[in-house]
Structure formats: structure tokens, C-alpha cells
Amino acid sequence: MKKNLLKGYVLPVVVVMLALSSHAQDKRGVKEKVIGENGLPKLIVFDEKATYKQNDAQKVFQEQLGLKENTSFAKIRSEADNLGFIHEKYQLFFQGVKIEFATYTLHSKSGKLESMSGEFYKLNNINVAPALSKTQALQRAMIHTGAVKYLWDDPQSAAALGYTKPEGELVLLPVFEGESTAKDQLRLAYKFDIYAVEPISRGDLYIDAVTGKALFYNATIKHATHFGHTSDGLVLPKKNCGHNHAADNEKAATALQKMVAGNAATRYSGAQTIETTLSGSVYILKDATRGGGINTYNLQTGSNFGAAINFQDNDNNWTTAEHSVNKNNAALDAHWGAEKTYDYWQAKHGRNSYNNSGAAINSYVHYQYKLDNAYWNGSAMLYGDGSDTYFDALTALDVAGHEIGHAVCTYTANLAYQRESGAMNEGFSDIWGAAVEYYAAPNKATWLIGEDIERRSGHAALRSMSNPKSEGQPNTYGGTYWVNPNCGTPTLSNDYCGVHTNSGVLNHWFYILAVGKSGTNDIGSTYNVTGITIDKAAKIAYRLESVYLSANSTFANARTYGIQAAVDLYGAGSAEVIATTNAFYAVGIGAAYAGTTDTTAPTAPTNLVASNITANSVVLTWNAATDNVAVTGYNIYNGTNLVTTVTGLTTTVTGLTASTAYTFSVKAKDAAGNLSVSGNAVSVTTAAGSGTAYCTSKGSNASYEYIDYVALNNMVNTTASNSGYGNFTNLVANLPYGANTIYISAGFASTAYTEYWNIWIDYNKNGTFETSEKVVAGSSASNATLSATFTVPTTASAGTTRMRVSMKYGADATACETFSYGEVEDYTVNIGAAAIQNTIAANILGSEKNNFDFVLYPNPVNEVLKVTLADSRPVTFRVINLLGQEIQQGELTDEGINMAKLNAGTYLFEINDGQKVVTKKFLKQ
């Protein structure tokens, strides 16, 4: 089987609960049980005595939760992770009515149930017959909202965002009163997704289905800033800076030749490479190489999404001189920031866009006039231009990472936006803003959020993760600046009981976990935490958010689940578990790690030696500490900066800069997190960019797809599979300055899968494939010969250098990556040499312009799935579930296919023209 078909698959199973008395419950095999604020289990961990299997859902729910009659759990999601766990999430129902926020997840590995976590509520005699109709309840919702205008009043804008007037969903809502959700109290309510335009707001509003009272508002729009100031002033005339994207009927750019790498002089992050689309004779900010696309639009200081236009450039060299007027260059940051955010989630967590199903990321720049705000509105990113008194245009990289992080939260923990859960919702977004910035621009101020846009006197940024108090946030639970989360009714005016303020606690926990810190917090606890690097801390944070947390989780729950996430990833008693526990202790949540009282540091490693020094890497080796039996690993430092942690006695440090001096040292650490002093330091200067040592990259499996053709000017190479990597550096292609066209194609053993092509050329010959040196990016599900044209800049160093061609199944590859399916090939190019036209490649391309490919939309789909072919050939289609069962079939028509009766989940859509079969995934909501 080509890939793990279980991931993302939703199996339509309903597990019916029977009434059980507490003494009949089987408690054997329970290693740990954590009780939540309402007196019911939040986490149950099983030991080796437990006999529950992965498919024992009915049994385990009966024996461990003991729910009453008329209650059922329905499976809503099943995902597999890279640790081998299967996470099956269930939604609780009572007499067929959903209990809002009540979800429970079973965590299994190798067919055995390891743990279960979530939130649920005891159900007594509850009336599920509403006194109000949906229409009456919606009227009450509108009266409570008090808006002058709603988005459904503007069909063009609503259609652009995929929003429709809410019909109302009948649910049982846990009552939010007092210090936590009231015990055993649920109200029958209608849930409405209310998008108000004047004044702006969007959220789920719950109306009591009996009394008509507004019970709870769960904000969907989550602002980058709390105060949301909008400057007064005259609205400037709108200038038409491009064509209207709502009226643009051009087919999606799936052919490689339409996707072009452009040069962007961003407002905040300097020169960057972005992916654009050639539309007619101009280039626009549309990137079809990542998931469902990265699209950036111009709202021209308005709010009509249907009237948004494209940003455009004549030569794909987006300069400051051309685009700084009216802050148009801020759109380049928004576009690049969305691309880098997508790349971060894909590369670091294996997540395909914010919903893990390739959702398009749409950004709207110049939203309203001088708006000092940016936010995710539940459908798209909206960026104000700022007033300069408070903020500059709010499109900075960490702001994009933060706001798209809210979308990730919606599709994972779905933390309710109020009190402690809302503070963690904001905290996670800051964590992802910092992580994205560290990934894409490590030279920026990682631990400041919004430093690029900040214009207020006396402020360095919106928030500081390293020193929250400097921006008026608490660094300790209940400490200075802490806002009482039980502040009454959460509203926008009270920041939903302090979500933007109390988020500082989670921010600082992540900072301490990543970097380390010692001191005494606001409640008098003295701590000493050894950092585990930002990448490891991010893995723990992501698992905490995506696997364990649920809608109404508290900071105390986060500690429990965070430690469990660290155990899953690194093992019980590991340095990472100790650091996670002690970082929570450092911010005032829970006790310090009690597994050891050892405070004795190990001895220092000796005889650190550097060898194999290249332009971008160095090999370090050392002798073990003399008490090596107690040592669990070694921290490698450049100066005082932690570079990496390893368990062995050697490591290769990569990503270095040519002709640069570095000073490395190594410290030993033990299971208690104690660090030795440094052994001897070693100073090295990297080579001058000879490019003699390149990073490795390959596909682990090239049995299904492989690179079978690469042609560039005078060089033509036709091959079969090369087991994932082909070294063809003996082949040299002449590469003159200016425009060049490369021809490539994929070979398939049978089915044509969607392959992502990326090509780099080491223009500066420093041995590293840099972001600015990616010359081609695109995707195709065809074995036809594809072409891409790129421009060799005059700044490229003349002479021979390396070109890397990468073809990866399902997602873009980085230049230095080993991936599951596909292939990588390396070639030599001679920059500045005269071109010799490859007429063979041109002729092949000309004979295969009729590419067999298609686009599915909308994806995810609710009712009608539309299909656009690259040409008009007749085809048949099949809809297949992830067990390989055919659900639907027929001839493809322009009307699309009705999917309304399909159960929610992930499916395969297959088209067949009688000669070739192409298959793509889609998600049914």
C-alpha cells in the first residue's frame, strides 16, 4: 500500500452507551487517572496489564466512563501520527443531540489502547424539545448582536468567503458560570455562526432554545491586537491596481509553466523568493504549488471581498520602487508569510495546511482604512494597513504565523475563546508565530511578537515571550498582570476575560522549555530549567494542542497533557519530560519534577575536535564524560547559543555561512537535566564557498514514481528509477544569463499521482541551496513532459555549479530532505556558457500539450463537488473511500457531483479517459 490510508479517515461508527453502576466498572490496567474540574476523568493512561484493543471503543467507554442510557459516542475523526499512534476522536450525543465541546479521544498503538482523554458531562433528565423555532432563535441572535449589517446581506462578499446565512444547529451547551463549567448543567440551545459587518464580529452565538436568552459567544474572529483601534479619517478614493479576482474565470494554474518564482522586496523581511502565477501578460500573487493554493488579494481599503482585485507586476521582480506606494509591498510580506507558514507546518509537523487537508490560504491586504488590526476571520486572513501611530501594516511574518495558527487550533483542540482556554488559544498562536519566524527568518527577534509592525512609544512589540511583563503580560499563573479569568460574562470589551493578557503564561512556558531559564517566579517558586531547543519544544506543543487538549481545557489540563505529550515523544523520565514539567512549574502551574532529586552535574566531555570543514558544515567529535553511564546526551553550543542536542559522540553541524568564524563547545547532561561545564572549545572558519559538500536528499521509495526525463539546453537525460537518488553531476548543461527553459517529466509504475517539483541552482556556489536559489516549483499528476522558464540573474557566479531536481509525492520538498515517495537528481550547470537549444525537448513538449489533469473544488465540499479538466476530453469518474470501496461512479458533467449524502471524511476522486487514470483526495465536511 502506497501510504497510510488511515490518516484523516472518518469511519462512520456509533458506539451506544449503556447505564453502568460504578462498582461494575473494570478498573484493572489503569496506570493513571486525572480528574477534571467537573469531577470527571480528563485523562486515563493504561499500563501493560490493560487488555483493551484499538477496536474496543464500546467496551472501554462503558467500563471507564459509565455513561447513561440514550447517550452515544460517534466517531468524527481518526488520524495516524509518525509515532505509530492512532487517535480516534468521538463526539458525545444525548438522544441524538450533540453535546457541544464534549469530545473524547482514544489513543492506540500497535492495536492496543494506550490512553484516552477529553471532556464529557454527566447527563440527567434533559429536555431536548425546543420551545423556539430556528427562525425565532435567529431573530433573538440578531437582536443580541445588534449589528447594522450582516455578511449574508452582501451575497458577493459572502460567496467569496464561502459563508452562508446560518440555519441554526440544536445542541446541548455546558453552562459557563463561576470558576469553571457548571457541574452537570447543560442547556438546550441553537448555535448560529453570526458574521456581522457593521460593526465587525464573527462567532458562534448560542441562544437558549427555551427562553431565547443568549448563553455564550465563542468568537471566531481573533484579533492580533486587543484594543483594535481604527484611526478616524477620510476614506481615500479606491484605485484599481489589477483585475477583479471574483470575475476571473481563468482555470486554476495547474500547469508548471504558469507557476513562476518571483523576486520580492518585502516590507519587513528583505529580498525573498515568492511563487506567483503568470496571468495573461502580468504576474499575480497566486501560488498553486502549496496545498490548495496561497492567494493574496487587494481590498483597496474596503471590506467587499467579492470586489477584491489581484496585486500584479509586469516582470515578476516586485521592487520597493514599484510597490511601496500605499504600502502595497506589505502584500509581499503577507504572501511570503503565508507560504512560509504553510512550509513550516508541512516540514516540521507533516501538516498539510491549517486543516491538514490542503486548504487554500487566502489573504486580503488593505482591509478597511488605516485599521490597526489583523485577524483570521474563520475563512481568510485580513490585514489592516495600520495608522502608523499604533502600527505599520500588520503583515509581518510572525503575525501571519500567529493568525494562521488560530485556524490550526480550530481544526485541532478548538479551544473556546474565553477565560483560560481562550488564553491558551492566543498563547499557541504566539508560539506558532515565533516558530514560523525562527524557521523562515532565524535572524529576526524570535521571542518578540509583532516587533516589525510596532510603532507605539515605549513598546518593543505587541508581546514578549522571553519577558512577558515588559509588555504588560504575566509570566506566572496568578502573578503580576494576571487577569481573573472568572471576570463575569466574557465579551470583546473585557478581552473575553483576559485572553490576550493571560496568554503570556503559555508563551513564557514555551520560551523556558526551548531556551531554558533559572530564577524565582511571582509566587515564590525557585526553578532551574534546561532548554531542549525550539524544535523539540514545538513538537511537544503541537502534540499537546493537536492530540490532547479539548475545547474547555485549562492551564492545569495543559500541564497534564503536555507532560504526556513529552512522554509519547521522548519517553518517561527523559530530559524532555523533566524540562516540560519544570517549565510549567516555572510559570506557576503544578509541581516540579519529582522523579529525581539529583542535582549533581556530570563531568565535562573532553577532546572536542572539528574536521571536514566546508563552506556550510563541520563535523564535531569528542570524548565521553567520565561518568558517561549517567549522561543522557550532549548539548552543542556556538558561543552561548544552543545549536543541537545529540546522544552520541559526534555530530555534523549544517547551515553555516561561508567564510565565517564559529566557536563550538559541548556540555554533557543527565536525566535530571543537570548540565556539565563546557569541555574545551574549538574555533573554526568555514570554507570560502567552494561548494564541495552538498546536503543529501532522496526519496526512500521510487517504485511508484520517479524522474524519467530532465533536459536543459544541450543536456538531455532519460532514465528509469534510480532508487530515489541519481547523481548525474557528470552531465553538464550550458546555462546562459537570462531566460532558460527546463523540461522534466515523471515516470509512473501504474497510477499517475500528484507530484511536486522543486529545482534549485547554487548560484553563489557556496555549497548550500538557499531559498532565493529555488528556480522552479510546481505540481502535476501527469507523465507528460512539463516545462518551466526561469531567469538566471546577472549576480550568479560564472562557471560550473550544482543543480538539484526534486520530485516528491504529495507536497513540496526542501533541498535537504529524505522523503517517502519520489526521487532526487543532481546535475552540473555551467553558468554563463552559451546556450544550445534542445529541440528534442521542445518537440516533445509540443506534442504533449494536451495534459491529462484536473482540479477539484470546493475542497472541502459540503454538497456539490465541481471538477475542471485541463481539456475537454470525455472521462468517467469514481468516488472511493479509504478502504478502497467504490461509493459513487458515472460520467463527468459540467454540473458537478452531488456529495450531500456522503458521510464526513476523506475520499479519493478518480477520473479515467480510457488510457490513463488520475486520482486526487478530497474532504467531505
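Predicted model: local features only at pLDDT ≥ 70, side-chain atom pairs only at ≥ 80, totals over all residues.
Colleague: What makes Cys487 and Cys497 a disulfide?

Modeller: A disulfide is a pair of cysteine sulfur atoms within 2.5 Å. The sulfur atoms of Cys487 and Cys497 are 1.9 Å apart, and the two form a disulfide. The link is left-handed, with -80 degrees about the S-S bond. Cys487 lies in the loop between strand S26 (463–464) and helix H8 (495–515), and Cys497 lies in helix H8, so the pair ties together parts 10 residues apart in sequence. Helices (H or I, at least four residues) and strands (E, at least two) are DSSP runs, numbered from the N terminus.

Colleague: Why is Cys497 called buried, and what is Cys487 called?

Modeller: Buried means under 20% relative accessible area, exposed over 50%, and partly exposed in between (1.4 Å probe, protein chains only). Cys497 has 0% relative accessibility and therefore counts as buried. Cys487, at 34%, counts as partly exposed.

Colleague: How many disulfides does a search of the whole structure find?

Modeller: The search finds 2 disulfides. Cys695 and Cys816 also form a disulfide, with sulfur atoms 1.9 Å apart. The torsion about their S-S bond is about -70 degrees, so this disulfide is left-handed.

Colleague: Where in the chain do Cys695 and Cys816 lie?

Modeller: Cys695 is in the loop between strand S35 (682–685) and strand S36 (698–701), while Cys816 is in the loop between strand S44 (799–809) and strand S45 (818–831). The pair links distant parts of the chain, 121 residues apart. Cys695 has 22% relative accessibility and so counts as partly exposed; Cys816 is partly exposed because its relative accessible area is 45%.

Colleague: How do you know that S29 and S30 pair?

Modeller: Two strands pair if DSSP finds at least two bridges between them. Here 4 bridges join S29 to strand S30 (residues 618–623), and the two run antiparallel. Ala610 stands opposite Leu620 in S30.

Technical notes:
Residues numbered from 1 in each chain as written. Heavy atoms only, no water.
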